[in-house]
Amino acid sequence: MAQRISQSELDIMNVLWEKSPMAASDVVERLDNDKDWSSRTVKTLLSRLVEKGALSTEADGRRYLYTPLIAKETYASHAAKSLSERLFGGRAAPLVAHLAQGDGLSDTDIQELEALLARLKK
């Protein structure tokens, strides 16, 4: 991904990753419980995401339907790598160690990491 997605834009993307395509009014409705954003704010964020190449639009009568062009897993992988590079020189171990401090990892997280490490060792 060439351009960074802000937290507000990520909130929009999460709605669309759950279900798409979706009209701006549907996105507003989905966010209504969590955010106090006007329809205009949501439309501005959707436009920014289209400009960044994160969303596509398709005309549906007088409205547009928005669809993610980036898979959630792809974005998560890119964001995690970027965070690791910026804070830990690209190394994964210090990132995981940082998450583990202060109860950052649950027992389930630890089990999943152990299983992942076992698979990677094979």
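**Sheet, helix and salt bridges**

Strand S1 and strand S3, residues 63–68, pair in the antiparallel sense over two bridges. One partner to note in S3: tyrosine 66 is the bridge partner of methionine 22. Helix H1, residues 7–18, packs on the sheet and touches S1, S2 and S3. The direction of H1 makes about 90 degrees with that of S3. Keep in mind that this is a predicted model.

Now the whole sheet. It is open, with three strands in the order S1-S3-S2 and antiparallel pairing. S1, at 22–23, and S2, at 55–60, are the edge strands, and each pairs on one side only.

Next, the loop between H1 and S1. Proline 21 sits there. A cis peptide bond joins serine 20 to proline 21, with omega about 0 degrees.

On to charges. The whole structure has four salt bridges. Take lysine 52 with glutamate 9: their closest N and O atoms are 2.7 Å apart. Lysine 52 is in the loop between helix H3 (39–51) and S2, and glutamate 9 is in helix H1, so this pair ties together parts 43 residues apart in sequence. Glutamate 9 is buried, at 2% relative accessible area. Lysine 52 is partly exposed, at 23%.

H1 has another one. Aspartate 11 bridges to lysine 35, with closest N and O atoms 3.0 Å apart. Aspartate 11 lies in H1 and lysine 35 in the loop between helix H2 (24–31) and H3, so parts 24 residues apart in sequence are tied together. Aspartate 11 counts as buried, at 14%. Lysine 35 is partly exposed, at 28%.

Last, a network. Salt bridges link Asp26, Asp60 and Arg63. Within it, arginine 63 and aspartate 60 have closest N and O atoms 3.0 Å apart.

Definitions and conventions:
Residues numbered from 1 in each chain as written. Predicted model: local features only at pLDDT ≥ 70, side-chain atom pairs only at ≥ 80, totals over all residues. Heavy atoms only, no water. Pairing = 2+ DSSP bridges. Helix = DSSP H or I, 4+ residues; strand = E, 2+ residues; numbered from the N terminus. Contact = heavy atoms within 4.5 Å. Axes fitted to C-alpha atoms, helices over the stretch in contact; angles between N-to-C directions. Salt bridge = Lys/Arg side-chain N within 4 Å of Asp/Glu carboxyl O. Buried < 20%, exposed > 50% of the residue type's maximum accessible area, 1.4 Å probe, protein only.
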